[in-house]
Amino acid sequence: MKKTFINLSLILIGFLVYFIQSNFFSWFTIAGVKPNLFVIYILFIGLFSNKSMGIIYGAIYGIILDLLFRQKIGANLIGLIIIGVVATIFNKNFSKDSRMTIIFMVFGSTIIFEVISYIVNYILYSSNLEILNFVKILIIETIYNVIVTIIVYPLIKKFGYYIENEYKGNKILTKYF
Amino acid sequence: MYKNKKNGILGISITIAILILIVIFSNREANTSFFENVANKLVMPIQNGLTYLKNKVSGNSTFFSDINNLKIENQELKEKNSELEQSLRELENIKTENETLKEYLGLTEKYGEYKTMPAYVIDKDISNYSKTIVINVGKNDGIKENMIVIADEGLVGHIISVTDNTAKVRTIIDTASSISCLMSTSKDSIVCKGTLDSNSELKAMYISTDSNIIQGDSIDTSGLGGIYPKGIHVGIIKKIVSAKNITDRYAIVETAVNFNKLNTVLVIRDN
């Protein structure tokens with residue numbers, strides 16, 4: 001029962017993230033560069049829930065984003081699935097208590113996601129390769145993502161531990177003692 | 001990271017404040033009037049009061065004798081003012097209506113030789129690296145893939161896929177887009193590609209070595225390549241960048257369409 005509630009609210013949060021991203025952050029930009037909230041969203045699901053959920057959510061929202069904006073399915077799908085995998089790896093190896101580790105996780109996964117989706121884009125559409133401009137945008141975007149994470153971190157933590165308790169129960173403790 | 005709650009909230013609010021400042025300052029050109037407004041609002045009430053006092057003091061001698069006349073005049077003026085305000089409001093309504101109607105008329109008149117269908121831009125890609133837009137017409141309106149999308153000022157892009165009620169448009173500023181163009185004076189063909197860098201610039205490449213490019217020259221589509229018909233305005237040459245090797249030189253083309261403020265477009269149906 002609780003798990004269905006969690007999943008429903010996660011899906012709702014996903015759509016909320018989409019609307020915030022496409023309406024608010026399309027004009028609230030740093031030098032014209034938007035943050036990517038979906039990376040934070042998928043990373044957070046992968047970090048706090050069980051193994052497969054990050055990957056499943058990554059796949060669902062990746063497909064939705066690709067269907068909405070792209071000609072071919074690929075870039076967002078592959079990128080977000082890999083973020084799901086990366087999040088489970090992070091979850092195994094790092095503690096989530098400190099704000100600093102979360103910030104570094106967001107930092108890393110934003111770079112991973114954008115590089116992968118850029119490469120997939122390049123392969124799919126044979127677009128022009130502009131590495132310098134890409135790096136410039138990537139740096140601003142990563143910083144913007146980190147700032148957003150700092151702001152929403154308390155919410156993420158609270159809801160995250162609620163989910164983790166539900167999915168892993170007492171098993172969490174074994175990690176720390 | 002923060003030991004108690006107070007510090008945490010403080011940290012978050014400082015971050016939000018810094019974020020807002022960064023956003024405002026990084027997009028500054030658009031926001032100068034905002035700062036002007038704030039400055040005005042801070043200063044103007046006091047300034048008005050001071051001016052009022054100054055005028056009162058300087059016109060001291062006639063102040064008491066004219067007071068009755070002024071009262072009557074004031075009453076009349078007030079009535080007149082309310083009348084004028086009402087008519088102004090009516091005019092304002094008519095003006096906006098007129099403008100929108102004119103816009104529609106102008107759009108269809110300019111490209112009269114094509115059968116067109118107006119559409120609204122309803123969504124833009126959320127990613128920084130892709131510049132596709134979504135418009136509110138689709139299969140049900142007779143829209144098909146590879147149809148051309150234009151705006152009042154010039155070329156916007158072409159349709160890459162359609163659903164029942166929406167269609168995705170790859171804009172010419174998307175990095176996956178490249179269009180074959182003609183320079184209007186020299187009639188030399190070039191290829192214009194989208195860049196990541198800017199929302200209003202294209203990179204014109206493959207300029208033949210013996211052609212002379214002129215700054216400010218108009219760029220139109222050439223009709224080669226199969227998708228775009230001939231003679232649709234794309235933009236003007238803004239800058240010519242020369243390289244060591246003359247075959248490597250390229251030009252920056254400023255698009256005629258402002259993609260940041262793109263709201264209404266026209267889809268050209270089969271002509």
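**Entry 1. Y206 of chain B**

I began with Y206(B), which I found in the loop between β8 and β9 (218-221) of chain B. Helices and strands here are DSSP runs, numbered from the N terminus: a helix is H or I with at least four residues, a strand is E with at least two. Y206(B) counts as partly exposed because it has 14 C-beta neighbours inside 10 Å. The cut-offs I used: a residue is buried if 20 or more other C-beta atoms lie within 10 Å of its own, exposed if 12 or fewer, and partly exposed in between, with C-beta atoms placed from the backbone. I also looked up phi of Y206(B), which is near 55°, a positive value in a residue other than glycine. Most residues other than glycine have a negative phi.

**Entry 2. What kind of model this is**

I noted that this is a predicted model, in which local features need pLDDT of at least 70, side-chain atom pairs count only at pLDDT 80 or more, and totals for chains, interfaces and linings use all residues. Residues are numbered from 1 along each chain as its sequence is written, while chains are lettered from A and ligands numbered from 1 in the order in which they are written.

I checked pLDDT, the predictor's confidence in each residue from 0 to 100, for chain A. Its mean is 85, and 95% of the residues of chain A reach 70 or more.

**Entry 3. Chain B as a whole**

I counted 4 helices and 12 strands in chain B. Of its 271 residues, 26% are buried. Chain B is divided into domain 1 (5-53), domain 2 (80-110) and domain 3 (116-271); the bounds come from an automatic or database domain assignment. Taken over C-alpha atoms, the centres of domain 2 and domain 3 of chain B are 33 Å apart.

I followed the strands of chain B in the order β1-β2-β5-β4-β3-β12, where 6 strands close into a barrel with antiparallel pairing. Neighbouring strands of this sheet are turned by 45° against each other on average, direction ignored; the axes are lines fitted to C-alpha atoms, and angles run from 0 to 180 degrees between N-to-C directions. Two strands pair if DSSP finds at least two bridges between them.

Which strands of chain B does β12(B) join by bridges? Strand β12 (residues 264-268) is joined to β1(B) by 5 bridges, and to strand β3 (residues 148-150) by 3 bridges; both pairs run antiparallel. L266(B) in β12(B) is the bridge partner of P118(B) and also stands opposite I150(B). I then looked at β4(B), which 5 bridges join to β5 (residues 167-171), again antiparallel. There G157(B) has T171(B) as its bridge partner.

In it, β10 (residues 233-241) and β11 (residues 250-255) pair over 6 bridges, and I240(B) stands opposite A251(B) in β11(B).

D174(B) sits in the loop between β5 and β6 (178-183) of chain B. Is D174(B) buried or exposed? D174(B) is buried, because 24 other C-beta atoms lie within 10 Å. Not counting residues up to four places away in sequence, D174(B) touches S130(B), K131(B), T132(B) and G194(B). Contact means that two C-beta atoms, placed from the backbone, lie within 7 Å.

S200(B) is in the loop between β7 (189-194) and β8 (201-205) of chain B. It counts as partly exposed because it has 16 C-beta neighbours inside 10 Å. Leaving aside its neighbours within four places in sequence, S200(B) is in contact with E254(B), T255(B), N258(B) and F259(B).

K187(B) lies in the loop between β6 and β7 of chain B. K187(B) is exposed because there are 9 other C-beta atoms within 10 Å. Its phi is positive, about 60°, although K187(B) is not a glycine.

**Entry 4. Where chain B meets chain A**

Last, I looked up the interface: 28 residues of chain B are in contact with 29 residues of chain A. The elements that give two or more residues to this side of chain B are α1 (5-26), β1 (116-124) and β4 (155-162). α1(B) gives the most, with 8 residues.
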